[in-house]
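Hi,

Here is the structure I promised to pass on to you. Have a look at it first, and then read on for what turned up in it.

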Amino acid sequence: MRTVVYIVFLLISGLGNALKSQTINKKISLNLHEISFEKAIYAFEEKLNISINYATNLAPRKKVNLRYYKTNGSIALRDFLSQYGLRFNLLSSSVLVLNKLPKKEKQPNHKLSGKLYENLTGEGLIGARIFNYANKRTSFTNEQGFFILDLSKGSNIIEYFHPGLVPTFDTISGDRNYRINQAMYVATDSFKTIYLNSKLRLSGNDLAGNIAGSHRLNSDKIKWTPQLLGETDIMRSLSSMPGVIAGSEGMLGIYVRGGNLDENLVLLDGVPIFNAYHLYGIFSSLNSDIVKNADLLKGYFPAKYGGRLSSIVSIHSKEGNSYGLKGSASLGLLASKVSIEGPLIKDKTTFYLSARRSYLDFLTQQVSSLVSLNDSFKNNLYYFFDANAKLTHKFSKRLKLGLSFYNSLDKGGIKQNTSTESIKGNVKESREETSSWGNNLYSLNLSYLQGNNTYLKLKAFQTTYNFTFNQQYQIKKDFVGTSQVNEDKTQYRLKNGVQDREVSLHIEKYLKWSTFNLGAGIINHRFTPGDRYLLSSINQSQSRINFNDNPSSTFESYQYAEWTQNFQRKTLLNLGLRHSVHFTENKKLYSFPEPRLALKKKVGKSNWFNLSLTQNYQFFHLLNNYTIGLPSDLWVPSTETIKPVKSSQASIGMNRDLNNYSISIEGFVKEYENLLEYKETESYVTNNTNWENIVTSGKGNAHGIELMAEKKKGRLRGWVSYTWLVSKRIFADLNQGKSFPSRYDRRHNASLTSTYELSKNLSLSLAWNYASGFAFTLPVGKYSSPTPQDPYREIFIYNGRNKERARANHRLDLSIAHKKVKQRYTRTWVFGLFNAYNRHNPFFYQFLYDEDGEQKLNSVSLLPILPNLSYTIQF
Amino acid sequence: MNILRLGIWTALIFLLNSCLKEEPYQPSADFTPSLIVHAYICNDSNTMAWVSESSSILSKITPANNVDLSIKTGTSPIQNFVSSTDGHYTLINNATKPGDSFIFFCNHPRASFAISGMRPHLPNIPSIDTQSRLNPFVGGTLNFDLKIKDSAAIKNYYRLYVEKTVVEYIYDYKDILIDSQIVVNRIPIFGKEIAFIQNDYNKYNSEEILFSDASFNGVLEDFSFYTSDILRKTLKDRPLEVSVKVENLSRALYEFYNNRNAHIWQQKSIIQVPSSVSGNIDHVIGVVGSFSSFQKTFGLP
């Protein structure tokens, strides 16, 4: 009998507990701000229909927030109370009592790890955020889409978030380690769906989020940046970030935090690209279609990066769709491009191919034949081309191989064929004077997931940049009445270039509160400073004279270790040390430690304090000219007399990250040693003859303040940035040893980039940029220095280097895109205006005589208002 | 359709051409004029000087006439330069011979100075020959083979250039030949020999090359160079002769020519940091230099 009674008691008790659990576990939604603790408890009582008892001294005095959407009531309450060191016990089906949490609650060691990928393409997602509501832990995916996150005991609600994709929720038990592959879905109606239900802060500015002085652009943001001649551009988008100073009008060369052009390391899937520009810098040589996302680092450089001083632009390309054959084709005013991607072996191998070519050469030939323009126009030749190919093979869920190829080419010059007939015979002449330049890149990436928390990555690549100048003349004489044919030819060719070959190993290890990054690599830099020959074939007598400058080969090795420690979810410390060793051609050894430190600390609820200290060395230099980067600019190594350039930088800043907005302010101080400049009266060179004698070394410094505000969701999105910058140089051999401003010492720089969704299919984008005028040298006086040829030759007198300022640059770019989903494909029309209000921004200044013989100073502008139109189909 | 295409291309050309836009700009000028002296001490008839004052960049250059310029060579009495117009001065019956030391005097309200120098020896040129050569874009032109014997005892600085003498035809507006005149011009010369590549400044001016004896001090050196100039009769002119000129320069003049060539090139370049031309006179802009020259002339068929 006792036994029966006991069983009945147990059943009733169990039923009661089940009923209790039903009540408290029902889903609730609460959204209350700045209320008292008592009111919050009352809200829970109302929603859960329970009574909550507690001692009044347990209630915190500060205001609290409640933001839960369709969340299990028990989890929501536990989550809310845990913020104030409290927990609850059930006394009955409708009565709870609050107690203090035990001082030390043992943390479980179980982890959730895995990969996030996009549902349509199967591509790993970089920088996606994973948030555990149970323990408030956050994690981010790495370059492979891999993440690892701590679990709490019991039920863990996990949210996965990536901009442009639908946030995804999952519930994972904390009783053991889990490994998952989680798909994230492309939003069908971006502005209604993407941010629905998302509680996450979106900028990646949480504890383990972006480090100081870094910005991320995903393909979505790049796409809605206004176009130039039908081309969106990754580098143009990056130039709207704070701290990035645009170069000359229309040119894409970026100058980051007072640095020079060659101090930016542009990486495509981790491989450097020496010249990332087409058309003398007007377009990026990286087709924006291939870009998955791009990171710009300008403050703290993680220890795995080195070899440049001012910025890292790390671009990740697409791997190809895993599920089916997809593609796109686009027709613009200047160029057309096509891309195709898909699986080769289901769930194993994917490919991505893309190519782009300009048709300015076809246009000029068409125009000259239509309007009878002269031969010099007709024979002008210019085009650019680039192609990307990527093959990814998964041997298993842990082992992946990636092979990449990239090629870019620009070719310009004159090509002319003429034929003359006379009584004596026919004469055919062929003349060519062309320059061509481009990159060539091959890479292999092998990544392996060891256990649940260690990533191994083996990387090998070869990247080459070459510039070639070719001058050729050929004449063929066919004499009447004889069988004699006379053919003569002369050719001069100059080739210079640089090539890097690297093999490296990288290890990422994720522990409970910390991450370790270790790696080492060896790089062979090969410089071809001037491979030249003169070929002549006259009267059947051939001669070839080679006069090559000796190529040089230097080696660089590096090792690094980086430790990232999370202190109580409120402080993040990155400590890194990179050690670089450079062997010059003549076996001189430069060995430098490059310490890195970044600290991120939470201040208040939504504010983050950032601090970073970085030291970098650069072992080779671009001998570039004063105003714009030219394709013929020569890369040269550090030598016994030309020391590596050194920079030391300190940054400090604050971020405030709200649900829909983020704002940041950051200041920096930067010092340079061993900067290179041409000596006064010297000019650019295209071969290495005595280059060490015509350059001089000096120091530099820069400091500035950067502000940025971003609106991240809604129909209106965008960001505004402002940079205040001072950048100086001091060289013993220049400007009489006095300090002078660097060329792009632009005091005020502002940028506004925004898009507005007019309807589901129609969007409007604008970008407005402002920059104080560049610094340049202007003569203050003149005199005549007679020569036998020119008795009135004017010579100018200068009064200080870069003492004058050009007029300010500003420009508005607009574009409107109309997208329509058809049965088999999606088509997009984009119409835009570059420089919409036709601002004549100065490109350079020159003296000209007017009609009255008076000398006037004139500014010359390059890019007026330019309309653009493009048509794209995606299938 | 063709009209549409024509319209589109014309619009495109119009847009691209309108890229060059000039706008007035008024620089701030804070400028004090300086004395400018250029004096070249050489053979009798060629010794001359120009004197002027520098002006603000938007003003006109003012020549300085009636300045006291003179030269004293060895034990010879002081010789005065004769002023003509536009700040141009000449020295009649110059007593300075190759190898002589001299002192140049200038007296002007803005600055007075005396500067000493030595006129270099005549360059020793044992031979110069020519041969025909095929050139890209031009066709047949001339190649020159030059032998130069350098003196071991002295550091020498050379300037080499070629002048072309042509009969230039003058036409009226109906393209009817009405007259002709003799014109002498320098022609571009190129080469890959050490004289061309030794000195970086040679890239600034193809109409003369400047080189030192650093690589052939005291020995007989021969090198070849060529011109890209058309040496054939055209409707515009008829070439008569070419003259190869080799000058042995004083170091100050060598450096001044280098600097000036660089400066003139930089004036035309939009990609270069401009720089002032340095000279050898304290507190005065310009140069007092000297040279001795050799010349050989070849008649053209």
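Where in chain A does A:S742 lie? Before the reply, please keep in mind that this is a predicted model. A:S742 sits in the loop that runs between β43 (740-741) and β44 (748-757) of chain A. With a relative accessibility of 9%, A:S742 counts as buried. Beyond its neighbours within four places in sequence, it is in contact with A:S727, A:K728, A:R729, A:A775 and A:N802.

Now for chain A in general. Its secondary structure comes to eight helices and 54 strands. Of its 875 residues, 57% are buried. Among contacts in chain A with a separation of 6 or more, 64% are between residues 24 or more positions apart. The accessible surface of chain A is about 37,300 Å², and carbon and sulfur atoms contribute 56% of that.

Leaving out residues up to four places away in sequence, A:L112 touches several others, including A:F147, A:L151, A:Y160 and A:I172. A:L112 and A:I172 are 60 residues apart along the chain, with 8.3 Å between their C-alpha atoms.

Next, the charges. Side chains of opposite charge can pair when their charged atoms come close. Over all chains, the structure has 24 salt bridges. One of them joins A:R257 to A:E666, with 3.1 Å between the closest N and O atoms. A:R257 is in the loop between β16 (254-256) and β17 (264-268), and A:E666 is in strand β40 (residues 661-678), so this pair ties together parts of chain A that are 409 residues apart in sequence. A:R257 is buried at 0% relative accessibility, and A:E666 is buried at 9%. These two also belong to a network of salt bridges with A:K298 and A:E706.

Chain B has a pair to look at as well: the side chains of B:E163 and B:K245 meet in a salt bridge at 3.0 Å, N to O. B:E163 is in strand β14 (residues 157-171) and B:K245 in strand β19 (residues 237-249), 82 residues apart. Both residues are buried.

Finally, on the surface, A:K62, A:R67, A:K570, A:K601 and A:K605 gather in a patch of positive charge. Of these, A:K601 lies in strand β35 (residues 589-603) and is partly exposed, at 37% relative accessibility.

Enjoy exploring!

Best wishes

Conventions. Residues numbered from 1 in each chain as written. Chains lettered and ligands numbered in written order. Predicted model: local features only at pLDDT ≥ 70, side-chain atom pairs only at ≥ 80, totals over all residues. Heavy atoms only, no water. Helix = DSSP H or I, 4+ residues; strand = E, 2+ residues; numbered from the N terminus. Buried < 20%, exposed > 50% of the residue type's maximum accessible area, 1.4 Å probe, protein only. Contact = heavy atoms within 4.5 Å. Areas by Shrake-Rupley, 256 points an atom, 1.4 Å probe, with all protein chains shown as cover. Patch = residues over 30% accessible without salt bridge, like charges linked within 9 Å, V, L, I, M, F, W, Y side chains within 5 Å. Salt bridge = Lys/Arg side-chain N within 4 Å of Asp/Glu carboxyl O. Lys, Arg positive; Asp, Glu negative; His and termini not counted. Charge placed at Lys NZ, Arg CZ, Asp CG, Glu CD.
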